[in-house]
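Subject: The structure, and some notes to go with it

Hi,

Here is the structure I promised to hand over. Have a look at it first, and then read on for what I found in it.

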Amino acid sequence: MSDGTQTNEVQTDETPAGIVKKMKKDKVTMQPFPAVSAGCNTCAVHNAANLFKLGVDMTEWDYVVALSGNPNVGKSTVFNALTGLHQHTGNWPGKTVARAEGGFEYGGARYKIVDLPGTYSLLATSLDEEVARDFILFGQPDVTVVVVDASRLERNLNLVLQILEITDRVVVALNLMDEAKRHGLQVDERQLARKLGVPVAPTVARYNEGMDGLLQAISDVATGKTVCRPHRFQSEPSDLRHAVDQLEREIRTLYPDLPNARWVALRLLDGDERIIQALRRGELGDLSRTGVDETADNIGLRLEGAAA
Ligand SMILES: Nc1nc2c(ncn2[C@@H]2O[C@H](COP(=O)(O)OP(=O)(O)OP(=O)(O)O)[C@@H](O)[C@H]2O)c(=O)[nH]1
Ligand SMILES: [Mg+2]
């Protein structure tokens, strides 16, 4: 559980000077991306010594970390490396079908980490993808790690960009760097981090390489030491914005505790049958089941009104 002391930065003055001014005011230090920089407290020896694998012992935690990513990119391998547990891994997609939880302690803080099934997008099409989608959208993780395959970056970035739309507390684990190298690919992780606006930690999880940098990046984002500036799409047509605003307000009124109501509004406008049904059944996030059928019907009516 978060202690509630982290900041969820909202930058108002978007110019570099404005951002620096606000950071100085808030006494925030921006880590160079990737968050792997020189210095004792980021060196491998220091970090490795600071990691305590807690296995399934997660009675109390300070932060929750979600491990997301496309199928077969090494999420469970990272999970095992950090927790000491033995989640099923293997060289085919779709191994993890339900979420698995474990713990680790790092830099004096306790983390609950959740290994999720692989998903290509937040527009889930299967049950295991729904498990991942629901946790990323409604589980309110303090940090979402997106594990990506460095040798198939383009395909993997689709999910990264979708996640950056809904949260600004993201770390990208650029995994399978050995495979990328084997295929003659060079990934400029600094440039990638700059473009995405979040830390990027290169890793070879199978051989436990890069876990130090990944841990440091997770810790920096969790504690608010690193403030992300995620890349977002800006060009929403005004008609659409108006309809989404209206619907989002309705959803917030009916379900005040539902995170990412805007995302839900967009999916409803898109006619996403799974989301409509999940909303009707009260299965989205922590929706209360009380009165859901009635309120879902109201949403349906208002949806038509907003889309008209
Ligand atoms: N070469 C190489 N193999 C890796 C690396 N990380 C993981 N693997 C291998 O990739 C395969 C898939 O790893 P998993 O951890 O099961 O992947 P996953 O993302 O959890 O897969 P799903 O749960 O099916 O989505 C396994 O054979 C791992 O040993 C890496 O950095 N380099
Ligand atoms: Mg897995």
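Let me start with one strand. In E2, Tyr63, Val65, Leu67 and Gly69 point one way while Val64, Ala66 and Ser68 point the other way, and all of them are buried. Here, buried means that 20 or more other C-beta atoms, placed from the backbone, lie within 10 Å of the residue's own; 12 or fewer counts as exposed, and anything in between as partly exposed. Strands (E, at least two residues) and helices (H or I, at least four) are DSSP runs, numbered from the N terminus.

Before more detail, a word on the source. This is a predicted model, in which local features need pLDDT of at least 70 and side-chain atom pairs count only at pLDDT 80 or more, while totals for chains, interfaces and linings use all residues. Residues are numbered from 1 along each chain as its sequence is written, and chains are lettered from A and ligands numbered from 1 in the order in which they are written.

How confident is the predictor? The pLDDT, its confidence in each residue from 0 to 100, has a mean of 80 for the chain, and 76% of the residues reach 70 or more. Over residues 27-42, though, the pLDDT is below 50, and this stretch has 40 contacts in the model beyond near neighbours in sequence. A contact is a pair of residues whose C-beta atoms, placed from the backbone, lie within 7 Å. Residues 287-308 also stay under 50, with 26 contacts beyond four places in sequence.

Now the overall picture. The chain has 12 helices and seven strands, and 41% of its 308 residues are buried. The seven strands form an open sheet with mixed pairing, in the order E1-E3-E4-E2-E5-E6-E7. Its edge strands, E1 (51-55) and E7 (200-202), each pair on one side only. Two strands pair if DSSP finds at least two bridges between them.

Back to E2 (residues 63-69), where seven of seven residues are buried. Five bridges join E2 to E4 (residues 109-115), and the two run parallel; Tyr63 stands opposite Tyr111 there. E2 is also parallel to E5 (residues 143-149), again through five bridges, with Leu67 opposite Val145. Helix H5 (residues 153-166) lies across E2, E5 and E6, running at about 165 degrees to E5; such angles run from 0 to 180 degrees between N-to-C directions, with axes fitted to C-alpha atoms, for helices over the stretch in contact.

Gly69 of E2 is worth a look. Why does Gly69 count as buried? Because 28 other C-beta atoms lie within 10 Å. Its C-alpha atom is separated by 4.9 Å from that of Val147, 78 residues apart along the chain. Among the residues Gly69 touches are Lys75, Gly118 and Leu159.

Finally, ligand 1. Of the 23 residues around ligand 1, Gly74, Ser76, Thr89, Thr96 and Gly118 come nearest; a residue is near if its C-beta atom, placed from the backbone, lies within 6 Å. Helix H3 (75-83) gives the most to this shell, with three residues.

Happy browsing!

Definitions and conventions
pLDDT is the predictor's confidence in each residue, from 0 to 100. Two residues are in contact if their C-beta atoms, placed from the backbone, lie within 7 Å.
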